[in-house]
Amino acid sequence: MLATEIQFVFQLGILIVFTRVGGYWLRRWLRLPGVLGELIVGMLIGPYALGQFHWPLIGKLFPFGPGGAPVSPELYAFSTFASIVLLFLSGLETDLSTFLRYSVAGTAVGIGGVVVSFFLGTGCAVWFGLADHWLAPHALFLGAIATATSVGISARILSERRKMDSPEGVTILAAAVFDDVLGIIVLAIVVGMSRAETEGGVSWSHILLIAAKAFGFWIGATAAGLLLARRFSRLLKYFKSTQAIAALALGCGLLLAGLSEMAGLAMIIGAYIMGLSLSRTDLVQVIQKEIEGLQNILVPVFFATMGMLVNFAAIRPMLQIGLVYSALAIASKVLGCGLPALFCGFNRHGAVRIGVGMLPRGEVALIVAGIGLTSGAIGQDIFGIAILMTLITTLLGPMLLAGSFENPAPGLRHPDDLAKAHNRTIELSFPSSDMAEFLLGRIVRAFRQEEFYVYRLSPDALTYQIRKDEIFFTLESEGGDIRLTTTVQYETLARLVIAEEMLSLRSMLHLAQDNGHLDTMEHDLVAGLFGGNGEEGEP
Amino acid sequence: MNLKKPLTVETICLDLKGATKEAILAEMVELLVASGHIRDRDAVLKAVLEREKRMSTGMQNGIAIPHGKTDSVDCLVAALGIKRAGVDFGALDGQPSNIFVMTVSPDSRTGPHIQFLAEISRPLNDASVRAKLLAATSPDEVLHLLIG
């Protein structure tokens, strides 16, 4: 048996290596989202599967923790930290004001999806006898787990199919923001209410008071955060170094996370609020860039740890309910998002595309389930159902979304409305993908210099959202092509930015051609590389 | 963004004198000096000329948007000039240019530059706005037409 710290280091190393390799192969061979690979790797190497295997010298790699907990307290704390970083970054990527103004359809679709998912998720617990009433912790958690969409997976499909700028694509992206914010509010309320329940305060008035308190904390902290954000960012800038700024911001995110836990809410809510507050400052890119490396290591470990918590034996008797819950989770988004879309000018095709685009659940569903499990509000059986639903929706979502676009029928009831949407796509083709990627980088830099918020939607694809106030662009690159989509109102800005960067590129090429010094530089670099006659290392 | 701040009655000229592209650019830079945010006039002119050397900013229908970046300005500065007779600016459509919108902003600081150019020149897409601008009799009228 290894000492605790050595065992933790081994566990972490194995998780990082296997999730990376598993995620990579799943993406490469089956073209499935990396998150599925990470979850499955966690399930396979976890304490309920290979983790129990006795290895020579080191013993069991993932034994049960104290008191029969599926993972060690160290590993769980690490994954909690990962979830805080994840939600801090998620808040940071949200620009509330832009999206509040951006899309009426997005608002209706986002709200519809959250309300119907919560209702059907909670209802599932009551109908199948998992909870006595609608306000029981089991019911509330199954409702909350069903609400949050993970739009990154759909964004990749939209980008691959060149549908990012379609009315459906724009609506899915806008709706996802409302979904995120509402999902966090639902979580705040659910955690508060379930704590009141488990502490014995079962009276309706008490539960409603807790819900109001949770909602109040959320609104109060968010409003304070948004109001103080600029002052806070000025304070951070005093430290000049970007590393210091990012570290301080994340540190304060952790502090707010702790405070929100003390206030009776989940830690991720505090982290999300801190990210959301900073999203309105010009420090977004600095913080994102500095934390990116940390995120790349932490997030797969988080997903794998969630996978490790799955107790196959506990799910087996619940498999049927799990499948029904998954089916309801699918139906709730298709109906909850699709029906409002029908009232916002979309036809049946468009509504289905929007509904399936909102299907995948991801990190927030897993975090909510994890909180429920560790707080004792839900058991391993319900947790298993949640993981099953996340796996099924993440697997089916991209496939159904891609399939829904196979039929080229327009998604709007009156295709002429497309003209009303006034979307314009500027397309450029380059002789090589290297050249396209180079220019893409220049365009991203140019928008950042103009103080636009630029962020990459998915690490798997070169797809960016660029925004400032009501201005919104989608920038994509695939192979040697670059596409920039916006509304007709901002087409001039888009064309001018690209034209300026093309000019810089051309100037650079001319300069390189005219500058003989570069030739000598290349020559000097390789000259003498193999000219030595003596020992290795001798020139 | 707020277009009113950089473009003021002091930085608008309804009757540019220059007869060549270089003369017009120099005259426009003089207008920018009126903003009070320019530390080195020659450096500003050099930045604008450098940009013109890469490709003319003369667009279509008489519009030209000369611009540049240099740390010789404290913040984004803008000027608008009109030369009714037009000047050969090497425009895309080969026609003389008669409405000039110049923008210069700091090189080492982030902030709107192209966005300002795009927003201020958006109304110029409208032929009737262009006609009204050319017929304007006061800088106030120009400001009203472009910014409202």
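The following legends describe views of a predicted model. Residues are numbered from 1 along each chain as its sequence is written, and chains are lettered from A in the order in which they are written. In this predicted model, local features need pLDDT of at least 70, and side-chain values use heavy atoms, without hydrogens and water.

**View 1. Overall form of chain A.** Chain A contains 21 helices and seven strands (DSSP runs: helices H or I of at least four residues, strands E of at least two, numbered from the N terminus). Its radius of gyration is 25 Å, close to the 24 Å that the globule rule gives for 539 residues, so chain A is as compact as a globular protein of that length (radius taken over C-alpha atoms; rule: 2.2 Å times the number of residues to the power 0.38). The C-alpha atoms fill a box of roughly 80 × 70 × 50 Å along the principal axes.

**View 2. Nonpolar patch on chain A.** V17(A), F18(A), V21(A), Y24(A), W25(A), W29(A) and L30(A) form a nonpolar surface patch of about 750 Å² (residues with over 30% relative accessible area and no salt bridge, nonpolar side chains joined within 5 Å; Shrake-Rupley areas, 1.4 Å probe; salt bridge: side-chain nitrogen of Lys or Arg within 4 Å of a carboxyl oxygen of Asp or Glu). F18(A) belongs to helix α1 (residues 4–30) of chain A. With a relative accessible area of 44%, F18(A) is partly exposed (between buried, under 20%, and exposed, over 50%).

**View 3. Covered helix in chain B.** Helix α3 (residues 114–121) of chain B is mostly covered, with eight of its eight residues buried. Among them are I114(B), F116(B), L117(B) and I120(B), and also Q115(B) and E119(B).

How values were computed: Patch = residues over 30% accessible without salt bridge, like charges linked within 9 Å, V, L, I, M, F, W, Y side chains within 5 Å. Buried < 20%, exposed > 50% of the residue type's maximum accessible area, 1.4 Å probe, protein only.
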